[in-house]
Amino acid sequence: MTGNARDLQSWTARTYDGLADLLAAGPAGAWDAPSLCAGWQVRHVVAHVTMPARLSAEQFGAEMAAAGGDFTRLSDTVAARDASLPDAELVAALRSPVLHGWQPPGGGAAGALSHAVIHSLDVTVALGRPPVAPAEGVLAVLDQLTAADGAYFGIDLTGLRLEAAETTWSWGDGEVVRADSGHLVALLSGRTLPDGRALPRG
């Protein structure tokens, strides 16, 4: 992934701030609109990504124990519960310095950036809005996902060439998949785009 740790943290913070700005300003109905995460509205995505701003390490540990050590189950439980928090509280959590400095266990600054960018795109792509993540951050996540050959989300990139429509970024050889860089990140993250496009699973 390109960029040093300071760059990555800056891009992460700007992504969350941008998402906060978007949701604080509208559009009408955005909070209850479906996101790219199956079964989750926009408010569920925001409740999910802002967990570190609300849960101490001890609280997170208790939540994890209650979920039987299953992080997916924990995520679903917390998202379902905390999505009902006031919109203003969720926006404030997106702006939290605690969230901006959080890093996933073992993931470091790169993991924090990919988490922020991917979930921000779950919102903006679904709403038909441009990315709130900095362009450099989106490209850094593209580099990360393709360096793993799609393995992070079980995507099979065999025989595919990815091309970002708005930049010179490209990866691979074969059948061309061309889309804006943010849409490519969403595809590499196992999402289905509003136009129905998806990448094959491995």
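In the predicted model, Asp 82 is buried, with a relative accessible area of 7%. This value places Asp 82 in the buried class because it falls under the 20% cut-off. The residue is found in helix H5, which spans residues 71-82. Its side chain makes a polar contact of 2.8 Å with the side chain of Arg 54, and a polar contact of 2.8 Å also joins the side chains of Asp 82 and Arg 81. When neighbours within four places in sequence are left aside, Asp 82 is in contact with Ala 47, Arg 54 and Leu 90.

Helix H10, comprising residues 181-188, is mostly covered, with seven of its eight residues buried. The buried positions are Ser 181, Gly 182, Leu 184, Val 185, Ala 186, Leu 187 and Leu 188. These residues pack against helices H8 (108-127) and H9 (135-147) and against strands E1 (160-164) and E3 (175-179). Gly 190, which follows H10, has a positive phi, near 85°.

In soluble globular proteins, nonpolar side chains tend to be buried together. The largest nonpolar core of the model contains 31 residues, and those with the most contacts inside it are Val 117, Leu 184, Val 185 and Leu 199. At least two residues of this core are supplied by each of H1 (5-25), H8, H9, E1, E3 and H10; H8 gives the most, with seven. Beyond its neighbours within four places in sequence, Val 185 is in contact with Val 117, Ile 118, Leu 121, Val 138, Val 141, Leu 142 and Leu 145. Another core, of 24 residues, lies apart from this one and includes Ala 20, Ala 33, Val 45 and Leu 99.

Technical notes. Residues are numbered from 1 along each chain as its sequence is written. This is a predicted model: local features need pLDDT of at least 70, side-chain atom pairs count only at pLDDT 80 or more; totals for chains, interfaces and linings use all residues. Side-chain values use heavy atoms; hydrogens and water are left out. Buried means under 20% relative accessible area, exposed over 50%, partly exposed in between (1.4 Å probe, protein chains only). Helices (H or I, at least four residues) and strands (E, at least two) are DSSP runs, numbered from the N terminus. Contact means heavy atoms within 4.5 Å. A nonpolar core is a set of buried Ala, Val, Leu, Ile, Met, Phe, Trp, Tyr and Cys residues joined through side-chain atoms within 4.5 Å. A polar contact is a pair of N or O atoms within 3.5 Å; within protein, one must be able to donate a hydrogen and the other to accept it, and residues adjacent in sequence count only if both atoms are side-chain atoms.
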